[in-house]
Amino acid sequence: MAHIIVVGNEKGGAGKSTVSMHLATALARMGHRTCALDLDLRQRSFGRYAENRARFLEQERLDLPSARLLTLPDLAEADLKPGENIYDRRLAAAMAAAEPESDFIVIDCPGSHTRLSQVAHSLADTLITPLNDSFIDFDLLAHTDTDGLKVLGPSVYSEMVWNARQLRAQAGLRPIDWVVLRNRVGAQAMVNKEKMGRALGALAKRIGFRVAPGFNERVIFRELFPRGLTLLDLRDIGVKGLNISNIAARQELRDLLKALNLPGVTLNF
């Protein structure tokens with residue numbers, strides 16, 4: 001059975017698509033059968049990233065390991081049972097077709113609340129929530145008092161994750177391993193950075209997630225998107241000497257994969 005990784009956050013701009021693409025490509029490069037699914041049916045940043053990769057590899061006649069991009073099958077209303085949601089059925093059909101041929105399925109959710117996102121969260125074996133190092137983003141998880149030190153209560157997103165956990169428990173499935181990534185953390189020791197660390201640590205114990213390091217803000221991520229490449233592909237396209245920023249970014253990816261502790265994954269880069 002495939003291990004399902006859901007990258008979810010109901011706020012845009014947190015780096016979900018970058019995390020999804022690097023994670024899916026890293027797993028494929030390590031020899032795992034990996035599929036990718038973009039549930040943002042409007043913007044499709046993850047899907048566009050994967051399509052850019054396929055087009056670039058074809059143009060350059062390169063054969064690099066890649067995740068297989070899935071699409072939701074089209075269904076007619078007549079195919080549905082009474083009261084059945086068409087999005088539930090489309091997602092279930094895509095997953096049923098992919099699971100027997102996959103070790104991992106990476107699902108990127110939209111930066112808003114949708115039916116597809118809600119159902120996907122209930123399917124997650126591992127849930128990754130990228131979070132910018134800001135109390136604006138922290139508000140996605142919980143509300144705090146005016147000094148940002150005391151947690152007043154969970155947010156609607158945290159409540160959705162809780163409901164997803166309940167549904168999995170009722171179905172007899174293993175619990176969701178929820179991992180919150182601290183993305184775009186500044187290198188300097190700032191008061192906000194320290195406050196965020198304390199707040200996340202306190203909230204992690206309260207609502208049950210792990211905190212892991214994400215990616216720092218780097219120009220390289222924006223440059224890779226048009227060609228669909230990741231940090232792991234640079235040497236394969238002729239980049240002989242990686243600069244310090246690129247090397248640091250590769251290490252961040254290693255640290256992320258190590259923190260996720262995915263089943264059967266041994267780092268080889």
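Mentor: A pocket is an open set of grid points with protein on both sides within 12 Å along at least five of seven lines, and its lining residues have an atom within 4 Å of a point. Keep in mind that this is a predicted model.

Trainee: Which residues line the second largest pocket, and how many of them are charged?
Mentor: The lining includes Met-1, Ala-2 and Ile-4, along with Met-95, Glu-99, Ser-122 and Leu-123. Asp-125, Arg-168, Leu-173 and Arg-174 complete it. About 190 Å³ of space lies in this pocket. By class, the lining has 6 nonpolar residues, 1 polar, and, as charged residues, 4.

Trainee: Which element gives the largest share of the lining of the largest pocket?
Mentor: The largest pocket holds about 530 Å³ of space. Elements that give two or more residues to its lining are α1 (16-29), α2 (45-60) and α8 (219-224). The largest share is 4 residues, and it comes from α1.

Trainee: Which residues lie nearest the centre of the largest pocket?
Mentor: The lining has 27 residues. They divide into 9 nonpolar, 10 polar and 8 charged. Nearest the centre lie Gly-15, Lys-16, Ser-17, Thr-18 and Arg-184.

Trainee: Are α3 and α4 oblique or roughly parallel to each other?
Mentor: Two packed helices are described by the angle between their axes and the distance between the axes. Helix α3 (residues 86-98) and helix α4 (residues 115-123) pack at about 45°, with axes 9 Å apart. Angles under 35 degrees count as roughly parallel, and 65 to 115 as roughly perpendicular. The two helices are therefore oblique.

Trainee: Is the crossing of α3 and α4 left-handed or right-handed, and which residues of α4 take part in the contact?
Mentor: α3 passes α4 in a right-handed crossing. From α3 come Tyr-87, Asp-88, Leu-91 and Met-95. The contact residues divide into 7 nonpolar, no polar and 2 charged. On the α4 side they are Arg-115, Leu-116, Val-119, Ala-120 and Leu-123.

Trainee: How is α1 oriented to α9?
Mentor: α1 and helix α9 (residues 244-260) pack at an angle of about 75°, and their axes are 11 Å apart. Angles of 65 to 115 degrees count as roughly perpendicular. That makes the orientation of α1 to α9 roughly perpendicular.

Trainee: How many nonpolar residues are in the contact of α1 with α9?
Mentor: α1 brings Val-19, His-22, Leu-23 and Ala-26. They meet Leu-253, Leu-256, Leu-257 and Leu-260 in α9. By class, the contact has no charged residues, 1 polar, and, as nonpolar residues, 7.

Notes: Residues are numbered from 1 along each chain as its sequence is written. This is a predicted model: local features need pLDDT of at least 70, side-chain atom pairs count only at pLDDT 80 or more; totals for chains, interfaces and linings use all residues. Side-chain values use heavy atoms; hydrogens and water are left out. Axes are lines fitted to C-alpha atoms, for helices over the stretch in contact, and angles run from 0 to 180 degrees between N-to-C directions. Angles under 35 degrees count as roughly parallel, over 145 as roughly antiparallel, 65 to 115 as roughly perpendicular and the rest as oblique. A crossing is left-handed if the near helix is turned anticlockwise from the far one by less than a right angle, and right-handed if clockwise. Contact means heavy atoms within 4.5 Å. Ala, Val, Leu, Ile, Met, Phe, Trp, Tyr, Cys and Pro count as nonpolar, Asp, Glu, Lys and Arg as charged, and the others, Gly among them, as polar. On a 1 Å grid over the protein atoms alone, a cavity is a set of points where a 1.4 Å probe fits but cannot get out, and a pocket is an open set with protein on both sides within 12 Å along at least five of seven lines; lining residues have an atom within 4 Å of a point. Grid points are joined across faces, edges and corners, and a volume is the space filled by probe spheres set on the points.
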